[in-house]
Amino acid sequence: MAKVVPRPELTFWERIYFVEIFKGLATTLGHAVKTVTRPDTLPILMYPEVQPDIPRDYRARHRLMKRPDGSPRCVACYMCSTACPARCISIVAEESPDRHIEKRPAKFEIDLLLCVFCGFCVEACPCDAIRMDTRKAILAADSRRVFVIDKEQLMDWDPKDYPASDTQSQKAPGGSLHTQALADFRAGSDH
Amino acid sequence: MELREIVILALKFSLVMIPFALVPLMILMERRGAAYIQDRPGPGRAAIQIGGLRLRAFGMIHNLTDGVKLFFKESFVPPFANKWFYILAPAIPVITAVLTPALIPWFGPFSFLSANTGKPISVVGPFLDANAGVLALFALGSLSVYGVVLGSWASRSKYALLGGMRASAMMISYEVSMGLSVLGLFLIVGSFSLTEVVAWQTTHTWGIFVQPVGFLLFLTSMFAETNRNPFDVAEGESEIVAGFHTEYSGVKFALYFMGEYCHIVIASALIATLYLGGYDLLPFDLSFDRRITWLPAGPYDARFIAAHLGGMLAFVLGATALLAFAFNLLVGRRSRNYGRMAASDKAARLREYGFFRVLSLLAGLGLAAGAVAAYLLIKTAPVQGQIYPLSISLAVAAVQIGVVLAKTLFFCWLFVWVRWTLPRFRYDQIMALGWKVMLNIALVNLLVTAVIAKLVMK
């Protein structure tokens, strides 16, 4: 059903434009003056220098989890790269020196420009080796090569940046459970 | 011709380049103004690295990168375009932008004694002091629309042609009310010469107080004349792609762009000259009120500036020093604000802020010291007769150029300010406003002015 939208009847002062124009100019000048004098009140984020404050479960840049000895927890099973709809993960496997473990990644690269941040790799991983909880949501660089991150970059994270309740990461070097985990490992317990 | 006269002529010629010199400032003002009005900090990524210091120079580097980009782009001519007119068209706005400032009086007339003959040599404000200066200026200013129309036609693109037709139709409508709105002022002054208009304003009062309606009409017409918001239907990017310069890129687009900004500067200078007293300091002689004792009696013309040269310089330097201190304060606030953020480039940014804080503090202190020194040291005694030494006359001219530039820059800011405040008019609304409203008001204004002028001025 058609609805008639009545045009608002303009008053005399509105029809001669000038009063309304000066009111508009006052509004915009107010914004300009506030921006110049009070930079702290601006509703902006200095992209890309400042990372936004986002929750931990936001699917952000990946990281590779570590064993207590600092080696990657990944066993190069290709589950993540198989699950990946964007085919952005490329893995090269090699033999692991540890007799308990069959393989380890010689190369583990993620092309962040291809990645669609769906989180399927995290779900596919059988040993919780890859996570997307770094909270690094803004990725900006001058070159495309920078966006292809390798194993070292994926494992370059600090346990202090992650919550203490996260026991998995606390077993990593620097974590509160590190010493105990290392003792368990040396005692030959299953890990 | 004497050597000093030739040097003065060369200096006057350099004044013709003022609009070109102000174009980078206009672009910066446009970007910053847009940003500040929209609650953003504005351009601040392009930077030059000097040693450990990353200088962004308030966003000026963006102009440099724009220039490099546009000048090194391929000079492309669409295969369907009319090649020669396509290349010729962007030059027309630039040519008019070079010619028109020659007619604007940037300072008041003065004379000095010739070293050879001992006779006074008079120097006038504009480079060309034409009797019908205003008419020549309007004629040249209106020529810039030929660049728009020719370029749009030569592009052989429907969108460009639509933009060009809009521009020409709008120009025709608004030239009429523009001409009629200034006629009232010329009726009162009794001359078409711009120097005469400013001289009349110096001895009486500014045009804006004599012709307030004419001022508003002229200002509005100038917005239409320069194709600025809310009258920028020639570009109308939401309707006709980019309007008349749809097919233009690279250096030819840059020429259009430069011509447009030059036109804004010239329009601002013209408004300042016609209605805000040009190089005149103050609109009224305030000495009629005996309570105002700190201000000496007027009129505030060249003789006034010459007699109080030290005080004038002290005022100008002191005001600049205050600006430097305000800048220091604002940079400090930005620095503290940035220090609170967890930014990846914090160190470089804070170093740059620190550099500008030190620089502005030193500049402010230096300017303040200069102001005090100028007030104490420069004493000019009133000279009997009209002819001052050349040095004092040149100093007076410099102060007057500063006054014109200050007024011009205010109107440049007004152009930016209005652009980011008002939406674009619809095309039929523009036509209705031009023909049904402004033309009638201009005619009535002219009639009333004529009657009053006849009754009052004899």
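Glu49(A) counts as buried, at 11% relative accessibility, where buried means under 20% relative accessible area, exposed over 50% and partly exposed in between (1.4 Å probe, protein chains only). Its partner in a salt bridge is Arg45(B), with the closest N and O atoms 2.9 Å apart; the term stands for a side-chain nitrogen of Lys or Arg within 4 Å of a carboxyl oxygen of Asp or Glu. This is a predicted model, in which local features need pLDDT of at least 70, side-chain atom pairs count only at pLDDT 80 or more, and totals for chains, interfaces and linings use all residues. Residues are numbered from 1 along each chain as its sequence is written, chains are lettered from A and ligands numbered from 1 in the order in which they are written, and side-chain values use heavy atoms, with hydrogens and water left out.

**Where the two chains meet**
- Across the interface of chain A and chain B there is 1 salt bridge, and its members are Arg45(B) and Glu49(A).
- Arg45(B) is partly exposed, with a relative accessible area of 41%.
- In contact (heavy atoms within 4.5 Å) are 23 residues of chain A and 28 residues of chain B.
- The two chains bury about 2300 Å² between them, and carbon and sulfur atoms give 68% of that area; buried area is the accessible area (1.4 Å probe) that two parts lose on being put together, summed over both.
- On the chain A side, Leu25(A), Met46(A) and Glu49(A) lose the most area to chain B, together 24% of what that side buries.

**Salt bridges inside chain A**
- Asp133(A) pairs with Arg63(A), the closest N and O atoms being 2.8 Å apart.
- Asp133(A) sits in the loop between strand S4 (130-131) and strand S5 (148-149), while Arg63(A) is in strand S1, so their pairing ties together parts that are 70 residues apart in sequence.
- Arg63(A) is buried, with a relative accessible area of 1%, and Asp133(A) counts as buried too, at 11%.
- Both belong to a network of salt bridges that also links Arg73(A), Asp128(A) and Arg131(A).

**Chain A as a whole**
- Chain A has 7 helices and 5 strands; helices (H or I, at least four residues) and strands (E, at least two) are DSSP runs, numbered from the N terminus.
- Along its principal axes, the C-alpha trace of chain A spans about 90 × 45 × 40 Å.
- Buried residues make up 34% of the 191 residues in chain A.
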